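Work through the exercises below with the sequence and the model at hand. Each task is followed by a stepwise solution.

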Amino acid sequence: MEKNKEKLSKFAQVLSRLRKERGISQKRAATDLGISQALLSHYEKGIRECGLDFVIKCSKYYGVTTDYLLGVSESRTGLDVSAFDAADGEGTRSVAALASATKNILDMASASVTGNKEKDWLYDYYMLSVYRGALTLAKAGILPRELFKLDYTVGRELAAAAIAVEDAKFVFMEDKSRTGMDVNNRTALGDLIGEAEEFILENYRLD
């Protein structure tokens, strides 16, 4: 009985916290979830216990797993961050580090993105990015030009335009970027992000 109360209390705390993080009023959240504001208030205070259907509905609404909602897991997306490739401490700038960071990004994205439409956007975005990169390598003589049907200039411009369109589509996705990941853990992805931002600030900042 005590354990049930503890789980209910965790659910109430997480439910309330997620709503406040999103900056949503209790009234709006209740309307979106199809219940009365009074009932949602009882759920958030731990006064009432909800059914499994409501837990699942909240999971989809806030973009987190049911385990996270119930306080069973610390991961909002179900992604095991400990499985990320750890930074090797060599500073890097290696192809292996790029591969690890790319894998980290795609693992996180696939765990977070649930809709088929959004998954298509994600795939198209990365597919086009890889294609544009391959074009550049072909221009430099690193990849054979026979791989491509399009002329380099035409292909690059069309790919850039297509990427911009795909990029814009992500505006229509709600911000669910809070993953619960321990940002203090060094990973290949974390190192790559830090390196990229440092590169941009050093080379492209306008004073």
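**Exercise 1.** Find which residue caps the N-terminal end of helix α8.

Solution. Asp-151 is the cap: one of its side-chain oxygens lies 3.0 Å from the backbone nitrogen of Thr-153. The model is predicted; local features need pLDDT of at least 70, side-chain atom pairs count only at pLDDT 80 or more, and totals for chains, interfaces and linings use all residues. Residues are numbered from 1 along each chain as its sequence is written, and side-chain values use heavy atoms, leaving out hydrogens and water.

**Exercise 2.** Determine where the buried residues of α8 fall, seen down its axis.

Solution. Step 1: α8 covers residues 152–169; helices are DSSP runs (H or I, at least four residues), numbered from the N terminus.
Step 2: Tyr-152, Gly-155, Ala-159, Ile-163 and Glu-166 are buried in α8. Buried means under 20% relative accessible area, exposed over 50%, partly exposed in between (1.4 Å probe, protein chains only).
Step 3: The buried residues fall within an arc of 65° (directions from the helix axis to the C-beta atoms), so they line one face of α8.
Step 4: Glu-157 and Leu-158, on the other side of α8, are exposed.

**Exercise 3.** Classify the ring pair of Tyr-43 and Phe-54.

Solution. Step 1: Rings of Phe, Tyr and Trp (its six-membered ring) pair if their centres lie within 6.5 Å; planes under 30 degrees apart are stacked, over 60 edge-to-face, the rest tilted.
Step 2: With centres 4.8 Å apart and planes at 45°, the Tyr-43 and Phe-54 pair is tilted.
Step 3: Tyr-43 lies in α3 and Phe-54 in α4, so the pair ties together parts 11 residues apart in sequence.

Methods:
Helices (H or I, at least four residues) and strands (E, at least two) are DSSP runs, numbered from the N terminus. The expected span of a helix is 1.5 Å times one less than its number of residues. A polar contact is a pair of N or O atoms within 3.5 Å; within protein, one must be able to donate a hydrogen and the other to accept it, and residues adjacent in sequence count only if both atoms are side-chain atoms.
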